[in-house]
Amino acid sequence: EKFPGAVDTYSLESMMQDKKALQDCTSHFLGQNFSKASNINFSDENGKLEYAWTTSWGLTTRVIGSLVMVHSDDNGLILPPKIAPSHIVIIPVIHSDDVKDKVLSVCEKLKKDLEDIVYHNNTLSVEIDLRDIRGGEKKWSWIKKGVPLILEIGPKDIEKDSVFLIQRNTFEKKSLKIEDFIKNIKKLLDDIQNEMFEKAKKFQNENTKEITSKDEFYKFFASKNSGKQEIHAGFAKTYFCLDEKHEKKIKEDLSVTARCILLDDFKEGKCIFCSKSTKTKAIFAKAY
């Protein structure tokens, strides 16, 4: 799928939770082909006019869809802390007017203390949910939005100088001293980031199979329950001679496509579809 007129095309493929592939983005090295056609010149260090070497690339809305499908669950979004619009939401637990001022004062102070912390070149983004709705409804609305950390603070928590924490990616719940929470917040967010990455990477690795024969390839992608929605297969990694007629046949038979040609240097092997010698390996998958 080299971009028309490009010298090289690179792509990034991700595995979704149904084991299908999604092409997140592409980058094309255009050489001087387009600059010659459009007469785009520059002066080199010797003052000589040269045609520009150009590229074309895109990392846009599709990768947002990939983010949602790779990490989220049936309860809603799960957002990596490094790109989450809000890192923490504080939900005040107020059951009577006589504790309202005290609870809100503690929440506001914690918000200010957290927003003074720089996390990966940006200050932490913290919300206080003051909506006049039930606490459970508040909590689940933030769970669905994928905020990494949800804090509940009520009179009992204040008595212990603590917060009650819900970690979105694992649903782990625990009480922490406010001082310890502030001190360790950056590590906690980084741990969430790393856990999410490692989980997705592990899933992809476990569902990527080295295929050594055509029969094994067809068996790997064959539907187990004809006519029904199912989650099966994954990524097939195999020697491939890059002959388009094989790709066409595979797509007709299995609705499977070659997703990308791997950049690694492989020792010589045999294409599983025609036995031609090749050093090229490709990733095949069902895809969006």
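Trainee: How do you know that strand β10 (residues 149-153) and strand β11 (residues 162-167) pair?

Mentor: Four bridges join β10 and β11 in the antiparallel sense, and pairing takes at least two bridges found by DSSP, so β10 and β11 count as paired. In β11, Gln167 is the bridge partner of Leu149. Helices (H or I, at least four residues) and strands (E, at least two) are DSSP runs, numbered from the N terminus. This is a predicted model, in which local features need pLDDT of at least 70 and side-chain atom pairs count only at pLDDT 80 or more, while totals for chains, interfaces and linings use all residues. Residues are numbered from 1 along each chain as its sequence is written, and side-chain values use heavy atoms, with hydrogens and water left out.

Trainee: What makes β9 (126-128) and β12 (172-177) edge strands?

Mentor: The open sheet of five strands has the order β9-β6-β10-β11-β12, with mixed pairing. β9 and β12 each have a single partner strand, so one side of each is left without a neighbour in the sheet. From one strand to the next, the twist averages 25 degrees.

Trainee: Which residues make the contact of α3 with α6?

Mentor: Val106, Leu110, Asp113 and Leu114 in α3 meet Ile178, Phe181, Ile182 and Ile185 in α6; contact means heavy atoms within 4.5 Å. By class, seven of these residues are nonpolar, none polar and one charged. Asp counts as charged, with Glu, Lys and Arg; Ala, Val, Leu, Ile, Met, Phe, Trp, Tyr, Cys and Pro count as nonpolar, and the others, Gly among them, as polar.

Trainee: How do the two helices run relative to the sheet strands?

Mentor: α3 lies across β6 (88-92), β9, β10 and β11, at about 170 degrees to β6. α6 lies across β6, β10, β11 and β12, at about 5 degrees to β11.

Trainee: What makes the crossing of helix α7 and helix α8 right-handed?

Mentor: A crossing is right-handed if the near helix is turned clockwise from the far one by less than a right angle, and left-handed if anticlockwise. The crossing of α7 and α8 is right-handed. α7 (residues 214-221) and α8 (residues 244-254) pack at an angle of about 35 degrees, with their axes 11 Å apart. Phe217, Tyr218 and Phe221 of α7 make the contact with Lys249, Ile250, Asp253 and Leu254 of α8. That contact has five nonpolar, no polar and two charged residues.

Trainee: How do you know that β13 (208-210) and β15 (257-261) are edge strands?

Mentor: The open sheet runs in the order β13-β14-β18-β15, with mixed pairing. β13 and β15 each pair on one side only. β15 is joined to strand β18 (residues 281-285) by four bridges, antiparallel, and Cys260 stands opposite Ile283 in β18.

Trainee: Where are the domain bounds?

Mentor: The assignment gives domain 1 (1-71), domain 2 (81-204) and domain 3 (211-287); such bounds come from an automatic or database assignment. The C-alpha centres of domain 1 and domain 2 lie 39 Å apart, and nine residues of domain 1 are in contact with five residues of domain 2.

Key
Axes fitted to C-alpha atoms, helices over the stretch in contact; angles between N-to-C directions.
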